[in-house]
Amino acid sequence: MKNPFGNMEWMKARMKEIDLKKEGIPMLRDYALLAAGDLLTAISFAFFFLPHDIAPGGVTGIATILASVFPLGVGLLSFLINLPLFALGFRQVGWRFAVRSFLAMMLLSLMIDLLPPCDLAGDRMLASLFGGVIMGFGLGLVVRAGATTGGTDMAAMLIHSRAGFLSVPVILFAIDAGVVTVAAAAFGIQAGLFALVALYVSAKAMDGVIKGFNTAMQFIIISGHAEEIIRRIHEDLGRGCTRLEARGTYEDRPMGTLMCVVSRMEAARLKKMVSQVDPRAFVTVCDVHEALGEGFTYETADRAPKAG
């Protein structure tokens with residue numbers, strides 16, 4: 001078919017169409033993750049934190065404290081605090097990450113105010129634990145979608161750009177510690193302590209979501225019978241492995257060294273297999289938080305937010 005734009009223009013238009021088709025599904029998945037993460041985070045506040053005056057750091061924690069003084073919703077206060085932080089910090093992170101984060105922030109602010117507060121836990125300790133898990137899970141989903149919900153990230157990057165000796169994690173920790181301290185002064189020492197519990201639990205849950213729950217086991221096998229072990233891995237497990245170039249330091253001679261990643265269900269079989277082939281083999285085993293590729297999960301490459 002003859003195209004009306006000339007060859008170059010038609011090719012450019014066609015490439016854009018192909019790129020859109022390739023990126024469309026991952027983009028929709030990202031926004032679905034973003035919305036789900038915002039909803040879970042809003043639930044943690046409406047049903048667990050707010051009924052017990054728990055302010056677990058960040059901008060929403062600041063808004064929780066301010067809501068006890070000003071007759072405004074926590075969501076609206078979060079939005080008002082975040083607005084200038086995003087305006088000042090979006091150049092530090094790139095427009096794509098900033099746009100997604102701004103959308104996540106607006107959606108979270110809206111959801112927090114729309115959900116009616118309801119004490120599901122009935123106890124501060126349960127509220128801090130379950131609220132922390134739900135918030136961490138929600139924030140982890142937002143991060144996996146390539147965004148963030150809080151302007152504290154922007155504030156930390158701005159401070160870091162002007163005070164390079166302070167790292168972003170240190171600044172974020174200082175901000176959260178300050179919020180928890182003010183919460184303890186506003187709501188009582190116990191509220192501050194429970195806020196620390198919620199902050200710690202949410203950080204662990206968020207870390208788990210970001211790293212992934214598709215756990216596997218990585219084996220490093222050093223044996224003089226590497227060829228037989230490779231054959232058994234291929235035939236009995238249907239897995240591949242990687243041969244590493246290694247030398248023993250005592251005798252300075254090449255060692256048969258293999259690296260193999262298997263699922264947890266296959267780990268015991270591999271250990272037994274290696275023991276049968278070479279009882280004197282040296283084997284180390286470690287956890288793998290996420291395995292991508294042949295035989296495991298496939299994901300779009302380079303999920304980290306990019307500047308520009």
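Is valine 69 buried or exposed, and what is its relative accessibility? At 61% relative accessibility, valine 69 counts as exposed, where buried stands for under 20% relative accessible area, exposed for over 50% and partly exposed for anything in between, with a 1.4 Å probe and protein chains only. The legends below describe close-up views of a predicted model, in which local features need pLDDT of at least 70 and side-chain atom pairs count only at pLDDT 80 or more, while totals for chains, interfaces and linings use all residues. Residues are numbered from 1 along each chain as its sequence is written, and side-chain values use heavy atoms, with hydrogens and water left out.

**View 1. Overall course of the protein chain.** The protein chain holds ten helices and four strands, where helices (H or I, at least four residues) and strands (E, at least two) are DSSP runs numbered from the N terminus. Along the sequence these elements follow the pattern α-α-α-α-α-α-α-α-β-α-β-β-α-β. Of the 308 residues of the protein chain, 39% count as buried.

**View 2. A nonpolar surface patch that includes valine 69.** Val69, Phe70, Leu72, Leu76 and Leu80 make a nonpolar surface patch of about 450 Å². Patches consist of residues with over 30% relative accessible area and no salt bridge, like charges being joined within 9 Å and nonpolar side chains (Val, Leu, Ile, Met, Phe, Trp, Tyr) within 5 Å. The accessible areas come from the Shrake-Rupley method with a 1.4 Å probe, and for residues only the protein chains shown count as cover. Valine 69 itself is found in the loop between α2 (58-67) and α3 (74-93).

**View 3. The largest pocket and its lining.** About 890 Å³ of space lies in the largest pocket, and of the 37 residues that line this pocket, the closest to its centre are Leu139, Thr152, Asp153, Asp176 and Met206. A pocket is defined on a 1 Å grid over the protein atoms alone as an open set of points where a 1.4 Å probe fits, with protein on both sides within 12 Å along at least five of seven lines, and lining residues have an atom within 4 Å of a point. Grid points are joined across faces, edges and corners, and the volume is the space filled by probe spheres set on the points. At least two lining residues come from each of α1 (7-49), α2, α3, α4 (95-114), α5 (124-144), α6 (151-162), α7 (168-187) and α8 (189-211), and α8 gives the most, with eight residues. By class, the lining has 21 nonpolar, twelve polar and four charged residues, with Ala, Val, Leu, Ile, Met, Phe, Trp, Tyr, Cys and Pro counted as nonpolar, Asp, Glu, Lys and Arg as charged, and the others, Gly among them, as polar.

View 4. Glutamate 227 forms one with arginine 243, the closest N and O atoms being 2.7 Å apart; because glutamate 227 lies in helix α9 (residues 226-237) and arginine 243 in strand β2 (residues 242-247), the pair ties together parts that are 16 residues apart in sequence. Glutamate 227 is exposed at 53% relative accessibility, whereas arginine 243 is partly exposed at 43%. Within helix α9, arginine 231 and glutamate 235 are four residues apart, about one turn of the helix, and their salt bridge has its closest N and O atoms 2.6 Å apart. Glu228, Arg231 and Glu235 are linked in a network of salt bridges. Aspartate 236 and arginine 232 also meet in a salt bridge (2.6 Å, N to O); aspartate 236 is partly exposed, with a relative accessible area of 33%, while arginine 232 counts as buried at 17%.

View 5. Aspartate 53 is found in the loop between α1 and α2, and its phi is near 55°, a positive value in a residue other than glycine. Aspartate 53 counts as partly exposed at 33% relative accessibility. Aspartate 123 is found in the loop between α4 and α5 and is partly exposed, with a relative accessible area of 35%. The C-alpha atoms of aspartate 123 and proline 51 are separated by 9.7 Å, although the two residues are 72 residues apart along the chain.

**View 6. Glycine 192 in helix α8.** Glycine 192 has its place in helix α8 and counts as buried at 2% relative accessibility. Its C-alpha atom is separated by 9.0 Å from that of valine 179, 13 residues apart along the chain.

Note on methods
Salt bridge = Lys/Arg side-chain N within 4 Å of Asp/Glu carboxyl O.
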